[in-house]
Amino acid sequence: FLPQVDSANAGRVLASDAAVFLKKSGLTDLVLGKIWDLADTDGKGILNKQEFFVALRLVACAQNGLDVSLNSLNLPVPPPRFTDTSSPLLLSGTASSDLPWAVKLEDKVKYDSIFDSLNPVNGLLSGDKVKPVLLNSKLPVDILGRVWELSDIDRDGMLDRDEFAVAMFLVYCALEKEPVPMSLPAALVPPSKRKPLSVPGAMPLIPSSTKESHQSLPPVGILAAKTPLTQ
């Protein structure tokens with residue numbers, strides 16, 4: 001990543017260049033500010049190569065749901081993801097509509113049969129119908145809450161067939177010990193929900209405010225901790 005922000009090859013990165021690049025991570029300004037403060041140890045507004053690598057590592061931690069702190073630096077995390085890299089899960093800088101969906105066809109068939117077995121109404125499943133399926137995975141409630149937030153793409157408190165496939169995909173990833181991302185990677189957005197042109201960095205984030213909670217069921221709402229996890 002360094003050559004992208006250090007075009008002069010000076011071995012250092014200016015705050016202005018780094019800010020533009022780090023925004024492509026899809027993280028909020030608040031989180032990115034914290035990452036910069038931790039990486040820019042001497043407060044000069046410039047990162048050397050080592051400090052830049054610390055910033056990238058902290059971005060990866062944040063994207064995988066870990067604390068943004070120096071204690072997280074030694075934890076194993078996948079490489080950070082940015083919207084215009086060639087990573088298969090992200091945009092390649094052009095329209096995301098060309099990106100193949102991460103949900104494979106044979107898996108979609110399996111997810112569709114589960115969807116149909118839950119008696120959808122008008123092609124939609126309510127949170128109450130999805131909740132037992134999610135809880136059945138025995139994953140932690142906070143992880144399942146994030147799965148719901150990411151899969152309810154239109155924030156209507158219901159999952160359609162494609163959104164349900166996203167939820168199942170994320171659950172199976174989590175069961176394979178893959179971290180559930182903080183924002184939905186472009187390749188996971190169902191083709192039916194993609195805009196013709198996607199602006200890099202405009203990936204849907206989990207709302208940090210509660211303004212939308214009346215439209216979408218908050219995680220605690222659908223996954224009440226009181227619900228017994230064992231059948």
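**Exercises on a predicted model**

**Exercise 1.** Which residues of helix 2 are buried, and why do they share a side?

*Solution.* Helix 2 spans residues 15-23, and its A18, F21 and L22 are buried. Buried means under 20% relative accessible area, with a 1.4 Å probe and protein chains only; helices are DSSP runs of H or I with at least four residues. Next, look around the axis: these residues lie on the same side of helix 2 because they cover an arc of only 95°, taken from the directions from the helix axis to the C-beta atoms. In general, an α-helix has 3.6 residues a turn, so residues three or four places apart point the same way.

A word on the ground rules: this is a predicted model, where local features need pLDDT of at least 70, side-chain atom pairs count only at pLDDT 80 or more, and totals for chains, interfaces and linings use all residues. Residues are numbered from 1 along each chain as its sequence is written, and side-chain values use heavy atoms, leaving out hydrogens and water.

**Exercise 2.** Find what pLDDT the protein averages, and where pLDDT stays under 50.

*Solution.* The protein averages a pLDDT (the predictor's confidence in each residue, from 0 to 100) of 77, and 73% of the residues score at least 70. Residues 85-96 fall below 50, with 33 contacts (heavy atoms within 4.5 Å) beyond near neighbours in sequence. Residues 197-231 also stay under 50. Where pLDDT is low, the predicted coordinates should not be read in detail.

**Exercise 3.** Is C61 buried or exposed?

*Solution.* C61 has a relative accessible area of 0%, so C61 is buried.

Methods
Buried < 20%, exposed > 50% of the residue type's maximum accessible area, 1.4 Å probe, protein only. Helix = DSSP H or I, 4+ residues; strand = E, 2+ residues; numbered from the N terminus.
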